[in-house]
Amino acid sequence: MANIYKKVVKLVSVTTANQEVYEVPSATTSIIKSISVYNTDSSTMDITLSIYNTADTTNYTYDFKSALAGTTKFEFLNSDNSTLLVLEESDKLQVTCSATGGLNLIVSALEISRS
């Protein structure tokens, strides 16, 4: 059973719904420690973070950040919210933003292999 700590960096530059950011590998559970977003654009944008559960083919909204100002950073997993997020095999972390521009998203995950 191997544990791997991963950093996933994703640039989201379009408003297309549910841009995939991270997918949990097979035979693995992931503990997400950090989900940071940085709005590189000068305009504000709304950001929706969701989880697609492949077991029941359902997309669940996890959190929403309204009006993130331009050139501003936001941490989804903070003390006002949850501080950890557990995802199961094949779950997908997805993001949607309300404006075309630049959104840098960084996810820190501990992948725990069950094989």
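**Close-up views of the model**

**View A. The side chains of E89 and R114 form a salt bridge, at 2.9 Å from N to O.** The pair connects distant parts of the chain: E89 is in the loop between β7 and β8, and R114 is in the segment after β9, 25 residues apart. A salt bridge here is a side-chain nitrogen of Lys or Arg within 4 Å of a carboxyl oxygen of Asp or Glu. This is a predicted model, in which local features need pLDDT of at least 70 and side-chain atom pairs count only at pLDDT 80 or more, while totals for chains, interfaces and linings use all residues. Residues are numbered from 1 along each chain as its sequence is written, and side-chain values use heavy atoms, with hydrogens and water left out. E89 is partly exposed at 34% relative accessibility, and R114 is partly exposed at 46%. Buried stands for under 20% relative accessible area, exposed for over 50%, and partly exposed for the range in between (1.4 Å probe, protein chains only).

**View B. K6 and E111 form a salt bridge through their side chains, with N to O at 4.0 Å.** K6 belongs to strand β1 and E111 to strand β9, so this pair ties together parts 105 residues apart in sequence. K6 is partly exposed, with a relative accessible area of 37%. E111 is buried, with a relative accessible area of 6%. Strands are DSSP runs of E with at least two residues, helices are runs of H or I with at least four, and both are numbered from the N terminus.

**View C. A salt bridge joins the side chains of K92 and E20, at 3.6 Å from N to O.** K92 is in strand β8 and E20 in strand β2, so the pair ties together parts 72 residues apart in sequence. E20 is partly exposed, at a relative accessible area of 33%. The count of salt bridges in the model comes to 3. Side chains of opposite charge can pair when their charged atoms come close.

**View D. Strand β3 (residues 28-39) pairs with strand β9 (residues 103-113) in the antiparallel sense, over 11 bridges.** Strands count as paired if DSSP finds at least two bridges between them. T28 has S113 in β9 as its bridge partner. β3 is also joined by 3 bridges to strand β7 (residues 85-87), and these two strands run antiparallel. The bridge partner of S30 in β7 is L87. With strand β6 (residues 72-75), β3 forms 4 bridges, again antiparallel. In that pairing V37 stands opposite F74 of β6. In a regular strand the side chains alternate between the two faces of the sheet.

**View E. The largest nonpolar core has 26 residues, of which Y22, I32, I35 and L93 touch the most other members.** At least two residues of this core come from each of β1 (3-12), β2 (19-23), β3, β4, β7, β8 (92-97) and β9. A nonpolar core is a set of buried Ala, Val, Leu, Ile, Met, Phe, Trp, Tyr and Cys residues joined through side-chain atoms within 4.5 Å. Beyond its neighbours within four places in sequence, L93 is in contact (heavy atoms within 4.5 Å) with Q19, E20, V21, Y22, I35, L49, S50, I51, L85, L87 and V107.

View F. Most residues other than glycine have a negative phi. T57 is located in the loop between β4 (45-53) and β5 (58-68). T57 is exposed, with a relative accessible area of 57%. T71 is located in the loop between β5 and β6. At 53% relative accessibility, T71 is likewise exposed.

View G. The C-alpha trace spans about 45 × 25 × 25 Å along its principal axes. Of the 115 residues, 38% count as buried. Among contacts between residues at least 6 apart in sequence, 78% join residues at least 24 apart.
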